[in-house]
Every structure is written in structure tokens, then in C-alpha cells.
Amino acid sequence: MHLHTVCVIAMLCHALTGRRAEKKMDGRDNHEGGTVMLQETIGIMFDSRMYRGIPAGRTGQESLANYEQAAACHGLTPCFLRLEDIDLDRKTCLAYVKKEGRYVRGRMPLPSVIHNRSLQLRGTEQRQITRLLLQGIQVYNVRNRYRKDHVHDMLRQDPFLRDHLPHAVKATPESLAYMMEHYKDLVIKPCSGSIGHGIMRLFQHDGNWKLTCETRASRKGWATFKLNRGQWPSATLRRIFRHAYLIEERIPLIRYEGRPVDLRVSVQRGGDGLWSVTGMFAKAAPAHTFVTNIAQGGKVMTVGGALSLAEPSTELFQLQARITMVALRIAQTLASNLPHLADLGLDLGVTHNGGIYFIECNGRDQRYGFRKAGMQEHWQMTYNKPIAYGRLLINHNSSIPRQPQTYDRGLY
């Protein structure tokens, strides 16, 4: 039975229970600060910018409709909240709940399970999250940004994954000299960067080293400079060595119309609590850069489309099976080191000889690439699976061991 059919049946059942729940709502619920009494809620935690756009439905790439549909499939009511609106002493929160076709903000009991979709990087936020966990509130994907060098270190502990990791070192003057001696094509990226910002390519061409990086001087935002011996741009060197950067060998990725391609693989826990691959799509870099991020103009397509396969083939199925195996091993290895992990977007590279390499881990996968690739059902499923996992946590809340999050600033 397809996801849509299952959800339609569940939504009909949910509508009946929802009417009964609405009768319990306080008469003030049409005004901010009113009390909302809803049974079987699941919290979706946004940051302030996303949260402010809820009444108008302007939540960027987050689909409120997909959250509503996913929650209905599992007999839940999603309430959208911010960390700063939680009153932990009273176990209540201010949250948006959809009622009669519009989102109403009111005070309600704090959900026992919360799916985190925001970044909490400040110390006060981290301490509040820890308090939530210690008081029995299950927050999953509690942290969704980790330093790239530490992720590499975690994965390198698994002997199986070592063959799927590019050689990477933390940037120092000595490590830069070493990597330039042993490799002719390198990627230098900030350990805490996102959506492709700050990434540089250092490569040798015709006996000369060249640097491709973002620059305001170029109309396209990227430019390539020839480096004379010992004449690195001083501002670039200062940035690399003063901040945490990772230097890694550049993997010779498969290409689509001459442009490098990598894959986004969505790996999530579902209603059984186990990791599985929800789907994967391909991203081709724009013609003017080597970065495949969608936010940088990367072209999105199906994996078969990137391989120029007009229809599914044995070759494609075998490749996807191998990618799935590597992606699951990465998720399981990270989950053994990082508490409360449930939802990952992995960037993996594939070479012409079939090698599969880890590129990056996204703890807050934006998912909309599936929609852009025309994979509507996969896009909806990337919302459904984490909510199914939330339902599991609700059902077994009392039997799940408490695992307080410890915040090590060095992991960011």
C-alpha cells in the first residue's frame, strides 16, 4: 500500500479523534497565550526565523503540510515551537497548532517527544536542552551540526569505512605542505561551514598551482587564481590557519555534462527504530564552480538521470545497493558516538570505477532536493519516517533509557 493511501486512512481516523480533542481546548485558544489541551502531540522545534513565518506559511524549505500529513499518518498532532518558549518548570510551551485551516499560537502542555529542526549553538541553549532531557523529554536530533574533522575521526574508527573516506587532515602549515606534495587536487573546507560557503579547491594544472574560491570580485561569485611559488593570498592563509579548516584529497567524481556529481542520501530512523535509506538523488555542480550544493546553484536529478540511464537497470540497482550499505554503516557508526541521532542527509561521491566515498554529513537535511528532482513520494517520506520514530518514542517513552546529551563545544 502506497504512503498516500495509508495516510488518507490515517487522516480520516485522526480527524475523528481531532474533533474530540478540540472539545477539550480552552475557549481562549484563538488568541496568543490561550491554553491548548491536545492529546498525542509531537513537538517540531524551529529556530526563530522559521517560527515567525508559520502563520503565513512562509517557512522556507520546511513543508508544514508534509509535517501535518506525516503526523496524521501516526495519529499525532504536530505543534511547532521554539526552545525559548518552553516553560520547563510548568512543563508547558507556547506553540502553533493548526485549527480550522489556520495556525493558532497558544500555551499547551509540553510534548513528551520533540523533533529538533533548529540549531542550538549557544551555551544557554545547550543547558536548556540538557534540562529537557534530564526531565524525561525525548529530544531527537538534539544536535544537528558537528565539525567535519570530528566526523571524519569518528568514521575512521570503523575499519570498513576507512576505504570510503578521502585522506583528510586538519589544516596547518605543515599539513598543507604535505598534502600538496602527495596530491595534485585538494579541497579545503571550514570544519563548521555549511551550504558550500568557504570551500576552496587547490589544484595543479600545467605545472602551476591554482586556487578556486568564492570572491565578491567575480560576477558569478567564484574565481580561479594562479599561485606563484610561495605567493598565497595572505588573507586566505590567515583564514585557513586561524580557523578550523580541513584539507582533503579531491575525489574524481562521476560527471554529468562535464560537471562533477555527488549524491544526497537520506538516512533516517523509522517506526521500528532502525536506520534505513529513505531515498537518494544526484547533485551536479554549476558550470562555474566545483561545489554541488543546491544553495550554490547545483542541478538536482535522479541518480539514474545523472548516470544517463533512461530507465532502471541492473547496474543502477547494484550501485544503489552498495551506496545503501555504506550509508547505513556511516549512520550506525555516528549514532554509536552521538546520542539522540535519528535523521541524516549524507553526501557521498561515486567514482568512474565504482568507488564510494563519504563527503559530508548534514544533521539538518533540508530534504527539498527530492521535490526538485521530481521524487515527490520520497520527499514526503523524509518527513514521515522521523515522525514515525517520534511515535515510537511516545509509545515507549517510559522504557527508553535516559541518555543526557553532553555538549562538548569542540564537536561543533
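1. Let's start with the charged end of R201, which sits over the ring of F203, 4.0 Å from its centre. The criterion here is NZ of Lys or CZ of Arg within 6 Å of the ring centre and within 35 degrees of the ring normal. R367 likewise lies over the face of Y383, at 4.5 Å from the ring centre.

2. A word on the basis: this is a predicted model, where local features need pLDDT of at least 70, side-chain atom pairs count only at pLDDT 80 or more, and totals for chains, interfaces and linings use all residues. Residues are numbered from 1 along each chain as its sequence is written, and side-chain values use heavy atoms, leaving out hydrogens and water.

3. The structure holds nine aromatic pairs (rings of Phe, Tyr and Trp, the last by its six-membered ring, with centres within 6.5 Å; planes under 30 degrees apart are stacked, over 60 edge-to-face, the rest tilted). Y51 and Y96 make a tilted pair, 5.1 Å centre to centre with 50° between the planes. Because Y51 lies in helix α2 (residues 48-52) and Y96 in strand β4 (residues 92-99), this pair ties together parts that are 45 residues apart in sequence. Helices (H or I, at least four residues) and strands (E, at least two) are DSSP runs, numbered from the N terminus.

4. Both Y51 and Y96 are buried, meaning under 20% relative accessible area (1.4 Å probe, protein chains only).

5. Back to Y383: its ring centre is 6.2 Å from that of W379 and the planes are at 90°, so the pair is edge-to-face. W379 and Y383 are four residues apart in helix α12 (residues 376-395), about one helical turn. W379 is buried at 9% relative accessible area, and Y383 is buried at 1%.

6. Finally, W379 and Y383 form one aromatic cluster with F46, Y67, F80 and Y103.

Terms used. Buried < 20%, exposed > 50% of the residue type's maximum accessible area, 1.4 Å probe, protein only.
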